[in-house]
Amino acid sequence: MSLFQFTTRRLVFQACCGLKTLFSKKQRFCLKMARPSSNMADFREVFAKSKHIAIITGAGVSAESGVPTFRGAGGFWRKWPAQELATPEAFARNPSRVWEFYHYRREVMLSKKPNPAHIAIAECESRLSKQGRSVVVITQNIDELHRRAGTKHLLEIHGSLFKTRCTSCRNVTENYKSPICAALAGKGAPGREIEDAKIPVEDLPRCEEPGCNGLLRPHVVWFGETLDSDILTEVERELEICDLCLVVGTSSVVYPAACFAPQVSARGVPVAEFNMQTTPATEKFRFHFSGPCGTTLPPALACHETELIL
C-alpha cells in the first residue's frame, strides 16, 4: 500500500472517529503555509504546465442545472430527509417508499441538462488528451451529468441513479427506463401531503438476469455503506500522480471525498477550489474562486495561449 493510500484511509477513519490527523512535519508545514489566492492569471500559469489534472466535483456543480441536492434546509422529499431514505435499513423496511424517492429523482434528472461547468470540464479533457495530458473527474454526484456532457475518464464514487444492483445475484446494470417499472408510473411526487403508493414488492423493479427475478435497488452508496474498494483504489492512484487538483462545487464535509484534496495539498500539489463560498478546507488550498461554477470554471479551463493546438 502506498503512502497516499495509507494516509487517505487513516484520515477517513480519524475524521469519522474525531481523532487528530497525523501528518509529517513536511505535510504540516504545507498545510500551515497554504493561503488561498483568487488570482486567475496565476492559476492559469499552473494549469498550463500541468500534465495530470484531477477534478473533484460535488452537488454544487449540478445545482446550477436545477438538480435538487436534498441537503440543508428544505432538503426533504415528502416528510423525510434524504438521510432517512437513502439507507439499507430504510430499503429493507419500505422498498416501495425508497423506490418512489429514487424514481422521482431519476425522472427529474431526465429533464435536466449539463451546465457550462460540466461542459467546460468535458471540453478540457478532450482538448488536453490530444496534447498527451490527462484529466480525471472524481465525482460525488449520482446524476450522470458529467457523462452526458462528454466526460470520458469519470469515477463516480457514490454510484449512479441510472444503474441498478440486484439484491439477489448482485448484478449491476445500466437502466434508463422511464418509468423504471410499470408500477412506478406517475408515482414519486414530492408533496408533503402525498401518501405512499405502497407498491407490492413483487411489482417493484426486478432483475432480468435469466432465472433470477430478484429485487433491484439503486446502485448508489447509501448512508452507512462503504465505497467500492476498486473505485477507491483507482481514485487514490489518480490523486497520487496528479500535479493539479480542482475542487468544484463541494462542501468538503462529506467523507471520504472531503479528505482527498487536503491530502493532495499536503504533498505540495496546487489545489484550486471553485465554490459559492469558503469551506472548512479552503485555507489548505492554494487557490479559491468564489461564485457559480458555471461562471468561474469555463475561463479557468479554457485553452491557454501556450497550448499546442492539434
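Modeller: Let's start at Pro 179, which sits in the loop between β7 (172-174) and β8 (216-220). Keep in mind that this is a predicted model.

Biologist: What kind of peptide bond joins Ser 178 and Pro 179?

Modeller: A cis one, with omega at about 0°.

Biologist: OK, stepping back. How many helices and strands are there in the protein chain?

Modeller: The protein chain has 11 helices and 11 strands. Of its 310 residues, 50% are buried.

Biologist: And what share of the contacts with a separation of 6 or more comes from residues 24 or more positions apart?

Modeller: Those account for 73%.

Biologist: Let's talk helices. How do α3 and α11 cross?

Modeller: Helix α3 covers residues 40-49 and helix α11 covers residues 293-301; their axes come within 9 Å and cross at roughly 50°. The two are therefore oblique to each other.

Biologist: Which residues meet there?

Modeller: From α3 you have Met 40, Phe 43, Arg 44 and Phe 47, and from α11 Thr 296, Pro 299, Ala 300 and Leu 301. By class, that contact has 6 nonpolar residues, 1 polar and 1 charged.

Biologist: Which residues of α3 are buried?

Modeller: Phe 43, Arg 44, Val 46, Phe 47 and Ala 48. What the buried residues of α3 pack against includes α11, along with α7 (116-129) and the strands β1 (52-57), β9 (244-248), β10 (271-275) and β11 (287-290).

Biologist: What caps the N-terminal end of α3?

Modeller: Asn 39 does: one of its side-chain oxygens lies 3.0 Å from the backbone nitrogen of Ala 41.

Biologist: You mentioned α7. Where does Arg 127 lie, and is that residue buried or exposed?

Modeller: Arg 127 lies in helix α7. Its relative accessible area is 18%, so Arg 127 counts as buried, the cut-off being under 20%.

Biologist: What does Arg 127 touch, leaving out residues up to four places away in sequence?

Modeller: Phe 47, Leu 301, Ala 302, Cys 303 and Glu 307. Phe 47 is also among the α3 residues that meet α11.

Biologist: How many residues apart along the chain are Arg 127 and Ala 302?

Modeller: They're 175 residues apart along the chain, with their C-alpha atoms separated by 9.6 Å.

Biologist: Changing topic: backbone angles. What is the phi of Arg 78?

Modeller: Arg 78 has a positive phi of about 55°, although it isn't a glycine. You'll find Arg 78 in the loop between β2 (76-77) and β3 (80-81).

Biologist: And what about Arg 170?

Modeller: Arg 170 has a positive phi too, at about 70°, and is not a glycine either. Its place is in the loop between β6 (159-166) and β7.

Biologist: Which of those is buried or exposed?

Modeller: Arg 78 is buried, with a relative accessible area of 2%, whereas Arg 170 is exposed at 51%.

Biologist: Now α10. How many of its residues are buried?

Modeller: 10 of the 10, so α10 is largely enclosed by the rest of the structure. Among them are Cys 259, Phe 260, Pro 262 and Gln 263.

Biologist: What follows α10?

Modeller: Gly 268, with a positive phi near 90°. Gly 268 is in the loop between α10 and β10 and counts as partly exposed, at 39% relative accessibility.

Biologist: How far apart in space are Gly 268 and Phe 285?

Modeller: 9.7 Å, C-alpha to C-alpha, and 17 residues apart in sequence.

Biologist: Last one: where does Thr 250 lie, and what is in contact with that residue?

Modeller: Thr 250 lies in the loop between β9 and α10 (257-266). Leaving aside neighbours within four places in sequence, Thr 250 is in contact with Gly 58, Gln 140, Asn 275 and Thr 279. At 9% relative accessibility, Thr 250 counts as buried.

Technical notes. Residues numbered from 1 in each chain as written. Predicted model: local features only at pLDDT ≥ 70, side-chain atom pairs only at ≥ 80, totals over all residues. Heavy atoms only, no water. Helix = DSSP H or I, 4+ residues; strand = E, 2+ residues; numbered from the N terminus. Buried < 20%, exposed > 50% of the residue type's maximum accessible area, 1.4 Å probe, protein only. Contact = heavy atoms within 4.5 Å. Axes fitted to C-alpha atoms, helices over the stretch in contact; angles between N-to-C directions. Parallel < 35°, antiparallel > 145°, perpendicular 65-115°, else oblique. Nonpolar A, V, L, I, M, F, W, Y, C, P; charged D, E, K, R; others polar. Polar contact = N/O pair within 3.5 Å; in protein donor to acceptor, adjacent residues only side chain to side chain.
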